[in-house]
Amino acid sequence: MAARSNRALQGQGSEHRLGFRGGGEFTAGRLDPIDFKEIEKRACPGSGSCGGMYTANTMSAAFEALGMSLPYSSTMANEDAEKLASAAESARVLVEAIKRGLRRATSSPGRRSRTPSA
């Protein structure tokens with residue numbers, strides 16, 4: 001089946017972009033269901049998001065850059081064992097932050113707390 005998809009849209013761009021192109025071609029009736037399914041499997045080969053820097057991946061990278069998520073957590077594949085370990089570590093860090101009374105307004109550099117002082 002991979003060869004069929006390669007012939008159907010050969011030279012048309014990267015795998016995740018082919019998902020968009022393949023969707024349009026399939027809807028227009030110019031791509032058969034077998035080829036479309038193969039393109040779809042290559043564009044998003046597992047659970048989680050695709051490889052494109054679209055909304056979900058952009059937000060994940062932004063949160064990491066702002067220090068609001070653990071380092072490298074935005075680039076881990078959802079199906080990898082390291083993602084499970086990262087989720088457990090994220091939970092541990094969150095619980096510790098709550099115990100210490102840390103809040104976003106008090107943890108951001110250069111930001112003053114919005115909590116009224118006593």
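pLDDT is the predictor's confidence in each residue, from 0 to 100. I started there, since this is a predicted model.

**Confidence**
For the protein I noted a mean pLDDT of 77, with 73% of residues at 70 or more. I then went through the helices: H5 (residues 81–99) has the highest confidence, at a mean of 93, and H1 (residues 2–8) the lowest, at 41. Residues 1–7 have pLDDT below 50, yet the model shows twelve contacts for them beyond near neighbours in sequence.

**Fold**
I counted six helices and zero strands, so my sketch along the sequence reads α-α-α-α-α-α. Next I checked contacts with a separation of 6 or more, and 36% of them join residues 24 or more positions apart.

**Surface**
How much of the protein counts as buried? I got 17% of the 118 residues. The accessible surface comes to about 8,800 Å², and carbon and sulfur atoms hold 58% of it. I also went looking for nonpolar patches and wrote down one of about 400 Å², made by Met-59, Phe-63, Leu-66 and Met-68. Met-59 belongs to helix H4 (residues 55–65). Is Met-59 buried, partly exposed or exposed? I put Met-59 down as partly exposed because its relative accessibility is 41%, and that class lies between the 20% and 50% cut-offs.

Key
Residues numbered from 1 in each chain as written. Predicted model: local features only at pLDDT ≥ 70, side-chain atom pairs only at ≥ 80, totals over all residues. Heavy atoms only, no water. Helix = DSSP H or I, 4+ residues; strand = E, 2+ residues; numbered from the N terminus. Contact = heavy atoms within 4.5 Å. Patch = residues over 30% accessible without salt bridge, like charges linked within 9 Å, V, L, I, M, F, W, Y side chains within 5 Å. Areas by Shrake-Rupley, 256 points an atom, 1.4 Å probe, with all protein chains shown as cover. Salt bridge = Lys/Arg side-chain N within 4 Å of Asp/Glu carboxyl O. Buried < 20%, exposed > 50% of the residue type's maximum accessible area, 1.4 Å probe, protein only.
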